[in-house]
Amino acid sequence: MPCFSTRKASNYRFIAAGFILFIAIMLTGCDSGPKKAKVPKEVPAFSLTSLDDKPLTRDNLKGKVVLLDFWATWCAPCRAAIPHLVTLYETYKDQGLELIGVSLDQGGLPDVADFVKRNHIPYPIALGTNNSITKDLGNITSLPTIILLSKKSSIEFKVVGYNAEIGKKLEKTIKKLLAE
């Protein structure tokens, strides 16, 4: 009988040790909440060309707060965000906000240009499908992805998706960055 009770005590110790280890892991770093995507703090150099053939580079945008909106014409949340982005652009462009729509449409220039014209989008639009910018800014694979850059070209805000709450946070961050 003593061997049986020794095994039984040993099993309880093993279970207790496992439970304590589990609690320690949970308290020190296991987070069940959503993870923020890691993005480079410093924006790599990028070069885009707007639909009206103007260069849009990181260096020629320094000194402005820059909102990069990665979108596509077929993306319903992207289309829903555009009216708010137009309002932000119109409200803050004279204070130093630059907004650039980076279309990831596969259809190319004619489809995007027609969409921009029909929807009266006043800010520059560039095609991002044949450009490394989507990889350089953290492998952008979901749309819309909105990235806000400071006047020093560092990433200050990045979000995937769009809703009213995101719009409020975005505007609050824009105001803060413009005031700096």
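Pro 77 is in contact with Pro 144 and Tyr 162, once its neighbours within four places in sequence are set aside. The model shown here is predicted. In it, Pro 77 and Tyr 162 stand 85 residues apart along the chain, yet their C-alpha atoms are separated by 6.2 Å. Pro 77 belongs to helix α3, which covers residues 76-92. Its relative accessible area is 37%. Buried means under 20% and exposed means over 50%, so Pro 77 counts as partly exposed.

Now turn to Ser 154. This residue sits in a loop, with β6 (145-149) on one side and β7 (155-160) on the other. Is Ser 154 buried or exposed? Its relative accessibility is 13%. The cut-off for buried is under 20%, and therefore Ser 154 counts as buried. Leave out residues up to four places away in sequence, and Ser 154 touches Lys 41, Val 43, Leu 148 and Leu 149.

Step back to the whole protein chain. It holds six helices and seven strands. Along the sequence they follow the pattern α-β-β-α-β-α-β-α-β-α-β-β-α.

How much of the protein chain is buried? Of its 180 residues, 39% count as buried. The accessible surface comes to about 11000 Å². Carbon and sulfur atoms account for 58% of that surface.

Last come the contacts across the sequence. Take those in the protein chain between residues at least 6 apart. Of these, 70% join residues at least 24 apart. The contact of Pro 77 with Tyr 162 spans 85 residues along the chain.

Technical notes:
Residues numbered from 1 in each chain as written. Predicted model: local features only at pLDDT ≥ 70, side-chain atom pairs only at ≥ 80, totals over all residues. Heavy atoms only, no water. Helix = DSSP H or I, 4+ residues; strand = E, 2+ residues; numbered from the N terminus. Buried < 20%, exposed > 50% of the residue type's maximum accessible area, 1.4 Å probe, protein only. Contact = heavy atoms within 4.5 Å. Areas by Shrake-Rupley, 256 points an atom, 1.4 Å probe, with all protein chains shown as cover.
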